[in-house]
Amino acid sequence: MKFGKRLKKQVEESLPGWRDKFLAYKRLKVLVRLVSGSSPHRAAAEAAFVRLLNDEVDRFNAFFLEQEEDFIIRHREVRETVKAVAGEEPSEAERAAQMRKVRREIVDLHGEMVLLLNYSAVNYTGLAKILKKYDKRTGRLLRLPFIEEVLKQPFYRTELMSRLVRECEETMEAVFASDKSGDWWTRKRCTGTEMAPMATAQGIFRNTVAALVAIRELRSGSSTYGHFSLPPLETEAALTEQGQLLSIQVADT
C-alpha cells in the first residue's frame with residue numbers, strides 16, 4: 001500500500017479531534033513536483049517545501065506534548081482512583097459501578113496513549129517518505145540532515161509515553177485480577193444509558209488495534225528508512241498480547 005493511502009487510512013482510524021493533526025503529505029507532494037520541474041517558481045517552491053516541513057514538525061511537537069501532559073495527569077488520576085476504590089468496602093452494586101467506571105477510564109486512556117505512539121510513528125514515516133521523494137527528484141541531500149534533527153524532536157522521543165503505556169497495562173492487569181465481580185460484568189446486559197459509553201470504548205478499541213498493527217508495519221525495518229528506521233517492536237508476541245488484553249478489557253466494560 002502506498003504511503004498516501006496508508007496515511008489516509010490512519011487518519012480515518014484516529015480520534016476525530018486528531019484528524020487534522022497529521023502530516024500535510026499531499027501539500028508536500030505538490031511542492032516536490034514543483035521543485036523537481038522546470039517551473040520558473042522552482043526556488044520559491046523549494047523554500048515553501050522546507051518551510052512547510054519545519055512548520056509540520058513544530059505542529060507535531062505542540063500536539064504531542066499537549067497530549068503527553070494530559071495523559072500524565074489522567075494516568076496519575078486513574079491510579080489514585082484505583083487505590084481509592086480498593087480501599088473502600090461498598091455494596092456489591094456500588095463496587096460494580098465503581099469498577100466499571102475505572103475499567104472504562106483505563107481502557108480509554110491506554111487506547112489513546114497507543115494512538116499517540118502511532119501518531120508519532122506515522123508522522124515520522126511520512127517525513128522520511130517525502131524527503132526521500134525530494135532527494136530522488138532533485139538530486140539534493142536534504143533527507144539526511146533533516147531526519148537527524150527530527151530524531152531529537154519531542155514528538156519522536158516516545159520513551160515516556162511507552163513507559164506510561166506499560167504502567168497503564170500493569171494497572172489494568174491489577175484491576176482485572178482484583179475484581180471479584182468479573183463474572184457479573186461479563187453476564188450483565190447493557191441498558192440504554194450504558195450503550196453510549198460501551199460504544200465509545202469499543203470505538204477506541206478498534207482504533208487502538210488498528211494503531212498496533214500500523215506500528216508493527218511501520219517498525220518492520222523497511223529499506224526506505226535504512227539507518228533512520230523506527231526501532232522494531234521487541235517481539236511479535238508483545239503486540240499480540242496487547243491486542244488480546246485490550247479485547248478482554250472492552251468485552252468486560
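This is a predicted model: local features need pLDDT of at least 70, side-chain atom pairs count only at pLDDT 80 or more; totals for chains, interfaces and linings use all residues.

Colleague: Fine. How many helices and strands does the chain have?

Modeller: There are 9 helices and 0 strands. These are DSSP runs numbered from the N terminus, with helices being H or I of at least four residues and strands being E of at least two.

Colleague: And what percentage of the residues count as buried?

Modeller: 46% of the 253 residues. Buried means under 20% relative accessible area, exposed means over 50%, and partly exposed is in between (1.4 Å probe, protein chains only). The areas come from the Shrake-Rupley method with a 1.4 Å probe, and for residues only the protein chains shown count as cover.

Colleague: OK, aromatics. How many pairs?

Modeller: The count is 9 aromatic pairs. Rings of Phe, Tyr and Trp (its six-membered ring) pair if their centres lie within 6.5 Å, and planes under 30 degrees apart count as stacked, over 60 as edge-to-face and the rest as tilted.

Colleague: So why is the W18 and F63 pair called edge-to-face?

Modeller: Their ring planes sit at 85°, with the centres 5.2 Å apart, so the pair is edge-to-face. W18 is in the loop between α1 (3–12) and α2 (25–36), while F63 is in helix α3 (residues 42–86), so this pair ties together parts that are 45 residues apart in sequence.

Colleague: Are those two buried or exposed?

Modeller: W18 and F63 are both buried. They also belong to a cluster linked by ring pairs, along with F22, F60, Y119 and F155.

Colleague: Switching to charges. How many salt bridges are there?

Modeller: 11 salt bridges, counting a side-chain nitrogen of Lys or Arg within 4 Å of a carboxyl oxygen of Asp or Glu. Side chains of opposite charge can pair when their charged atoms come close.

Colleague: Which parts does the E167 and R79 bridge tie together?

Modeller: The closest N and O atoms of E167 and R79 are 3.4 Å apart. E167 is in helix α6 (residues 159–178) and R79 is in helix α3, so the bridge ties together parts that are 88 residues apart in sequence. E167 counts as buried at 18% relative accessibility, whereas R79 is partly exposed at 35%.

Colleague: What about R59 and E56?

Modeller: Those side chains meet in a salt bridge at 2.8 Å, N to O. R59 and E56 are 3 residues apart in helix α3, about one helical turn. E56 is buried at 4% relative accessible area, but R59 is partly exposed at 27%.

Colleague: And how far apart are N and O for E105 and K101?

Modeller: 2.5 Å for that salt bridge. Both residues lie in helix α4, 4 residues apart, which is about one turn of the helix. E105 is partly exposed at 25%, and K101 is partly exposed at 49%.

Colleague: Which residues make up a network of salt bridges?

Modeller: D70, R74 and E112 are linked that way. E112 is 41 residues from F71 in sequence, with the two C-alpha atoms 8.5 Å apart. F71 itself is in helix α3 and is buried, with a relative accessible area of 0%.

Colleague: Now the surface. Which residues gather in the positive patch?

Modeller: K2, K5, K8, K26, K29, R33, K132, K133, K136 and R137. The elements giving two or more residues to the patch are α1, α2 and α4 (92–138), and α4 has the largest share, with 4 residues.

Colleague: How is a patch defined?

Modeller: Patch residues have over 30% relative accessible area and no salt bridge; like charges are joined within 9 Å, and nonpolar side chains (Val, Leu, Ile, Met, Phe, Trp, Tyr) within 5 Å. Lys and Arg count as positive and Asp and Glu as negative, with His and the chain ends not counted. Each charge is placed at NZ of Lys, CZ of Arg, CG of Asp or CD of Glu.

Colleague: Where does R137 lie?

Modeller: In helix α4, and R137 is partly exposed, at 49% relative accessible area. R33 lies in helix α2 and is partly exposed at 45%.

How values were computed:
Residues are numbered from 1 along each chain as its sequence is written. Side-chain values use heavy atoms; hydrogens and water are left out.
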